[in-house]
Amino acid sequence: MNMRQRYILLLAALAAAAAAVAIIVHGYRHRAIPPALNLGAVLGTGTSSGYARADHPRQFRFPRDFGPHPAFKTEWWYFTGNLASALGRRFGYELTLFRFSLTPHPVRSPSRWSTNQVYVAHFAVTDPADRRFRFFQQSARAAIGLAGSQAAPFRVWVYNWSVRAPAGADWPWRLHARAKGVALNLELSPLVAPVLQGDQGLSRKGPGPGNASYYYSIPRLKTRGTLSLEKRSFSVKGLTWMDREWSTSALAPDEAGWDWFGLQLSDGADLMFYRLRLINGSTSPMSQGSIVSRHGHVTRLTAADVRIRILAHWRSPRGGTYPAQWRLSVIPEHLNLVVTPILSDQELDVGIRYWEGAVNVRGRCNGRPVRGEGYVELTGYAPGPRRPGP
Amino acid sequence: MVGVVWHANFRFLSRHPWQIFLAVLGVALGVAVVVAVGLANTSAMRAFRLSSRAVSGSATDQIIGGPGGLRERLYTHLRVDAGIESIVPIVDGYVEAKDETLHIVGVDPLAESGTAGDLAGTGAGAVRRLLTEPGTLLLGRATARRMGLKVGDSLTIRCAGRRHTIVLAGLLPSAGAAVAQDGLAITDISTAQIVTGQIGQLSRIDLTLPRGATGRRMRARIAGLLPAGTRLESARARTGTMVQMTRAFRTNLTAMSLLALIVGMFLIYNTMTFAVLQRRQLIGMLRAMGVTRREVFSGILVEALFLGAIGTTVGVALGVALGEVLVHLVTRTINDLYFVVSVTQLLITPAPILEGAALGIGATVLASLTPALEASRSTPASAMRHSAIEQRAHVLAPRLAIAGGTLAATALVFLALPTRSLVLGFAVLFMVIVGLVLIAPLMVAWLSAGACAVVVRMPGRSGGVLARFALRGITASLSRTGVAIAALMLAVATTVGVGVMIQSLRVTVRQWLSSTLRADIYVSVPQLDPGRTPQTIDPRIIADIRRIPGISGITSARRVTIETVRGPTQIVAVDFAPGRTPRFRLKEGDARTAWADFDADRAVLVSEPYAYHNRTRVGTDLRLLTGRGYLSLPVAGIFYDYGSEQGVILMHRQLYERDFGDHGVSSLGLYIRPGMSTTRVITAVRAAAAHRQMLIARSNRAIRSASLKVFDRAFAITGVLKTLAVVIAVVGILNALMALQMERSHELAVLRAIGFTPGQIWGLVTAQTGFMGFCAGLLALPVGLALALLLIHVINRRAFGWSMETVLTSSVLIQALVLALAAALVAGLYPGWRMARANPADVLREE
């Protein structure tokens, strides 16, 4: 070996030693932060026994029933609305506050953080002019004032997202939500009285006893306020639909999901219909709805009363294919409507995925043209964990 | 030609394997110590950073509060009313479980993700149990396995003297962060509040703010929303402050490890010089054959590099093994003195290994530069002469001594600089050491000349001849003996210096303990985390204790850590028993007026380290952030204190309660009426606490010995390093003696041939090594004392702000002499035996 070879040998030995060190070191790289918590899974686990059940018609009283029913496992306050700026720019919004009881009975503990009540809220704004759909989620325990609900004065909140009655009055409610540059401040005044869905507010979802929810709606709330998107602020007006539902049992095992329609028509009528889809693709006979005339007359609709044809589909970039346009016929009312989303992608991806979007309605009622706006909710189309349902 | 050089060198080394072995061992030991200390230090600190990151996640800032933390309502206010997102509440503390200390971190699993609340990967059922079942926790997989726990098992934990039964609800996701999760227990915030006794309180609120202008705007907005007594602080700065707290401790360890490396460097130098000396003939021949100087030079350098590389590799491996031991010593000390950090395994990080490797190879090359230059410079003819280098050594010795003296003197000038830099302190220390070491060869020459003069006058002919022979031998090969003696001297001087320093500190601390601890019995809450978690004694127990007969007075104290601009600061709020005026020794301030002002809530007292670090003097106004805004009070006196190196502020309990709104008591001092039995009162105290809270009640004597035990533990690691330095020095002496033996085998053979017995030869060698040891020991005394003075008055002062008396006992000095002699004699055993046994005929025939 000559000198140069030996230098090379030496360098090679040193390089090998350095490489060994590097490998050892690499094995010790750490990441301490795991990815996001699967909220749906946490809330979805646990049994249904020990909770109250929606198994008989009950007396609804207000404002008591604006507030929570903690003996039931699941409950929600659903606000969806179509808004327009002074210049006619369209927007849709959703603010939903879910309540979950993690155990049938309250947790006993000296700490004020202990609770079995958990709230999750979804907030979404549809902006078809910019083709943008923004959605956000927050979750909180109903402890030390972080989240909660109460009947009088009415208030439901998750952190700084809230809907509440003003001090000393029942109405108008103030809706407030703000997240990452999006802020919504609305005033809601009811144009109609609460509508009890199903059998006097008992809405059956499956064949078993107690496989039902208590469900009422205020389908028409006059809405005005401001919407801020990043640096721009819009003064907006429109209509909001509020759904209130509470229950303990989830969907029946053979049910895959549901398509919910809440449509406010130009003739003053408000149509609600949900189609429960079975795993085999057919429609459950438990599907039902109601139509409220401009005079406040409520007509119950059964699965046989409504025919739905899907006119278009939309494939989610996150996986799954959703129906994206419908022909909806309410046979006894001679109502024929085409329901079209104002933006295809109104899918919320918040651990679980579902589509909740603003729609336009065109059609005829008894031969006369009718228009309208509304919201459609589609669940069970995306693979992955199921959204807790009624 | 190069091939010839390599070949010749290779053959030479292969005929002297022990020489290679000792050289490699020298490098390896030096590198091992540096690597081990580096790894232990970084392991402890990284574990701390990692676990705080595992707890804080991506948090950029923290909101922190007064002694009791934050009111939980503040979180609601910020999150709900002010609408501030990405904030998470944290309640944490330390609990004892199955002989382990667990860091309990209470989180809100529902709060914004990305931070501690992030429990993804943990089973949904487990998170649900955390939320709905008080008394459930999650552990890392490794921690659970070590504690022998399966999911669903329950265990008893103790915190602040209270027992809780808690169930393992699940395991933390193993995201490769095993070290970060070590000793970490995640619970729901409610469970953490209950277990750590912080109902209604939060330890802190973590924030994740964006970078840049938006982040700054938000920070300003949040700061404006905070009530008095709370503060917003950058998370990094905060972890930094905690790490900074241990800086002085870790710097000291690093300096100790470098000392070991220096001793190792002497060894390498010795080996390489000797290797060159031995080959002078060979080199001369090579040069005569036409090998150039450059080739000789690079040949030796490559050889050194090669030995250095092998030694370094072995050293790194040894260092990792040694690090395993040291990391436990380091962690224990940090846990005793600073904050809880759970490290159960050594974290092998690149920096200490690379540093150790660079130092090892660099030191080898540096140490062999002189011999390589020396070999290449010599003319072929002179290279063949043995005596050339020795002559040069004798010429060099006085010059080295002058250079050394100048270096040491310059270093002392640096001390006069108006700075408190610890690093500069160590630089001075090393300069003085190197300077004194350089003087050593001249001293050795003088000492042996002096000894010769004495021996000449001694009666008894043959003994005198042998003794003179031995002494002259040392002087004659000064280039090797001088270096070996210097290495041993340095190692022994280190033990003297460090020994005197520790002894001085220990005596000072003992005196301080006896002047501070005046009560007969001390009652306290078992505290796992030094100072951070505010643990209090149950007021009902205090009421019961007050009723125990035989107690003549009670001093109560509250020790808390408050957040100040300068990081966490300890406050001790005391209410002295009536008539029991404290007898703290004051360093500054008039005792009478100082205590009068203290009693009247007009002033506070600060400890010496506090005053040192914060440049506080008597009369300086202190500004403390309290629940009622800023409190401004003058310092009336500075007292000696060795309990905390960050320093403490002593204030009257009344003042503390008023301004901080905290009525808790952390410890009690009980004075007993004369004639009463201490044991009986302790039993009564324990009875009062029984079933309510586990309290520690200890007699004055017990607490003193416990304190000294902590002290001794803190210096255990120093002892280990000291021993290593001596081991390296012994290897050095052995090396030098082996070299001498080889070189002088001819002379010895002649002596044997003219009638000296093997026993006499053995005696000669022993006398020689004994004298070398004696020289090293003698020289080590002044050097060690200089080292001690520097450690006491410069290093300790700059590192900890402590002043102490220098305590010098003859035993330390005698031990040093004995150590040096013993080390030398042990190292001389084998060479002596070999020399005595050598067959003179064989040796002479080789000529």
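I began with the strand pair β6 (residues 155-158) and β7 (residues 161-164) of chain A, which run antiparallel and are joined by 4 bridges. A reminder to myself: this is a predicted model.

Next I looked at the turn of that hairpin. There are 2 residues between β6(A) and β7(A), and A:Tyr159 takes a positive phi near 55°.

Then I checked who faces whom. A:Trp157 stands opposite A:Ser162 in β7(A).

I stepped back to chain A as a whole. I counted 2 helices and 23 strands there. Buried residues account for 46% of its 390 residues. I also looked at contacts between residues at least 6 apart in sequence, and 56% of these join residues at least 24 apart.

My last stop was chain B, with helix α19 (residues 539-546) and helix α23 (residues 678-689). Their axes come within 9 Å and cross at roughly 145°, and the crossing is right-handed.

Which residues of α19(B) and α23(B) meet? From α19(B) I noted B:Ile541, B:Asp544 and B:Ile545, and from α23(B) I noted B:Val685, B:Ala688 and B:Ala689. Sorted by type, the residues of this contact are 5 nonpolar, no polar and 1 charged.

Technical notes: Residues numbered from 1 in each chain as written. Chains lettered and ligands numbered in written order. Predicted model: local features only at pLDDT ≥ 70, side-chain atom pairs only at ≥ 80, totals over all residues. Buried ≥ 20, exposed ≤ 12 C-beta atoms within 10 Å, placed from the backbone. Contact = placed C-beta atoms within 7 Å. Axes fitted to C-alpha atoms, helices over the stretch in contact; angles between N-to-C directions. Left-handed = near helix turned anticlockwise from the far one by under 90°. Nonpolar A, V, L, I, M, F, W, Y, C, P; charged D, E, K, R; others polar. Pairing = 2+ DSSP bridges.
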